[in-house]
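The following questions ask on what grounds each structural term is applied. Each answer sets a computed value against its definition and then concludes.

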Amino acid sequence: MIFDKDKILIVDGLTVEYIKTGEKVVDDLSFSLKEHHCLAIVGESGSGKSMTVKCINQMLPSNFKNKGEIFYKGLNLMQLSKSDMKKIRGSEIFMIFQDAMSAFDPSLSIEKSCLQILEENTDKSEKDLLLILQESLKKVNLKNPDLTIKKYPHQLSGGMLQRIIIALAFALKPSLIIADEPTTALDTITQFEIIEEFIKLKENLNTSIVFISHDLGVVKKIADDVILLKNGVLVEQGAANQMLSAPKSEYGKYLIGNRHKMGEKYFELMGGC
Ligand SMILES: Nc1ncnc2c1ncn2[C@@H]1O[C@H](COP(=O)(O)OP(=O)(O)OP(=O)(O)O)[C@@H](O)[C@H]1O
Ligand SMILES: [Mg+2]
């Protein structure tokens, strides 16, 4: 067993194969996440970022098979039974997706949905959970939280829903948060505000985070370390500061170079402001 007390997550030789064609969408991928750090997974669309985190959360689609090992706090997640994994999901490993709406039951008010999620992951009474929820909502800059949580998911914006999900993370205090493009569906200002909430979450809870994003600006703001994937293969890994300013691989140079060019073009289009 691979165990390193400073590393909350170790992925070792992960391969994910599309059963029908034998195509490897993740190929012999190894990386680790240090305790209380944020690791960003970057790479173009289809490079295997979501597949990788689906494996960590043991939610791989049935038409795929995987091999390799994934250790969370020294526990081999690949060998856990479905019921043991269910106990870890939510309370220990908390997933946040791009589509915040999908986290809520559309037929329930936000308050009922949140209480249901909290009840599934703790053994506290509903009264205590309501207090915990109210306290957590205060931490995420949600306007009129008491009124907002009486509403239904379709009545709230993507940014509001994402704030509520972050409040749930504050309530559940997971050791590991996996966020798969949590800001991609939001406008630039809301993206910025939500990243601030993630940073608060990381600092206040001492949580470790795996953060997937296309946006290298967002990655620069939140990540300590970065891994870069291309066609399911690890191309480069390193400290975020170093990789985002002076990537070593040709592909890294190409991606960062393109981002700088796009930034300059945007600046030019905006009349230099
Ligand atoms: N349910 C599925 N059935 C068949 N192929 C799939 C399925 N989901 C993903 N794939 C394929 O697996 C590969 C990796 O997909 P993945 O979703 O991990 O990419 P990604 O890096 O997360 O991309 P994006 O940035 O667009 O979210 C892609 O080639 C994709 O087409
Ligand atoms: Mg994805």
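## Terms and their grounds

Strand β3 (residues 38–42) runs parallel to β8 and pairs with it over 4 bridges. This is a predicted model, in which local features need pLDDT of at least 70 and side-chain atom pairs count only at pLDDT 80 or more, while totals for chains, interfaces and linings use all residues. Residues are numbered from 1 along each chain as its sequence is written, chains are lettered from A and ligands numbered from 1 in the order in which they are written, and side-chain values use heavy atoms, with hydrogens and water left out.

Q: Why are β6 and β10 called the edges of their sheet?
A: The sheet is open and mixed, with 6 strands in the order β6-β7-β8-β3-β9-β10. β6 (93–97) and β10 (233–239) each have a single partner strand, so one side of each lacks a neighbour in the sheet. From one strand to the next the twist averages 15°. Helix α6 packs on this sheet, where it touches β6 and β7 (176–180), and its direction makes about 175° with that of β6.

Q: Which strands are the edges in the open sheet of 4 strands, and what makes them so?
A: The order there is β2-β1-β4-β5, with antiparallel pairing; β2 (24–34) and β5 (75–76) are the edge strands, since each pairs on one side only. β4 (residues 64–72) is joined to β5 in the antiparallel sense by 2 bridges, and Tyr 72 has Leu 75 in β5 as its bridge partner.

Q: Why is α3 called roughly parallel to α6?
A: The axes of α3 (residues 110–121) and α6 (residues 158–172) come within 11 Å and cross at roughly 30°, which makes the two helices roughly parallel. The cut-offs are under 35 degrees for roughly parallel, over 145 for roughly antiparallel, 65 to 115 for roughly perpendicular, and oblique for the rest. Such angles run from 0 to 180 degrees between N-to-C directions, with axes fitted to C-alpha atoms, for helices over the stretch in contact. On the α3 side, the contact (heavy atoms within 4.5 Å) is made by Ile 110, Cys 114, Ile 117, Leu 118 and Asn 121, and on the α6 side by Leu 161, Ile 164, Leu 168, Ala 171 and Leu 172.

Q: What makes α4 and α6 oblique rather than roughly parallel?
A: Their axes are 8 Å apart and the helices pack at an angle of about 120°, and α4 and α6 are therefore oblique to each other. The α4 residues in this contact are Ile 132, Leu 133, Ser 136 and Leu 137, which meet Ile 164, Ala 167, Leu 168, Phe 170 and Ala 171 of α6.

Q: How do you know whether Glu 197 is buried or exposed?
A: Buried means under 20% relative accessible area, exposed over 50%, and partly exposed in between, with a 1.4 Å probe and protein chains only. Glu 197, in helix α7 (residues 188–205), has 2% relative accessibility and so counts as buried. Beyond its neighbours within four places in sequence, Glu 197 contacts Lys 139, Val 140, Asn 141, Arg 163 and Ile 166.

Q: What is the class of Ser 213, and on what value does it rest?
A: Ser 213 has a relative accessible area of 1% and is therefore buried. Ser 213 lies in the loop between β8 (208–212) and α8 (216–222), and touches Ile 41, Val 42, Val 218 and Val 219, not counting residues up to four places away in sequence.

Q: Why are Gln 58 and Asn 141 placed in their accessibility classes?
A: Gln 58 has a relative accessible area of 27% and is therefore partly exposed, whereas Asn 141, with 54%, is exposed. Gln 58 sits in the loop between α1 (49–56) and β4, and Asn 141 in the loop between α4 (126–138) and α5 (145–148). Gln 58 has a positive phi of about 55° although it is not a glycine, and phi of Asn 141 is near 55°. Most residues other than glycine have a negative phi.

Terms used. Pairing = 2+ DSSP bridges.
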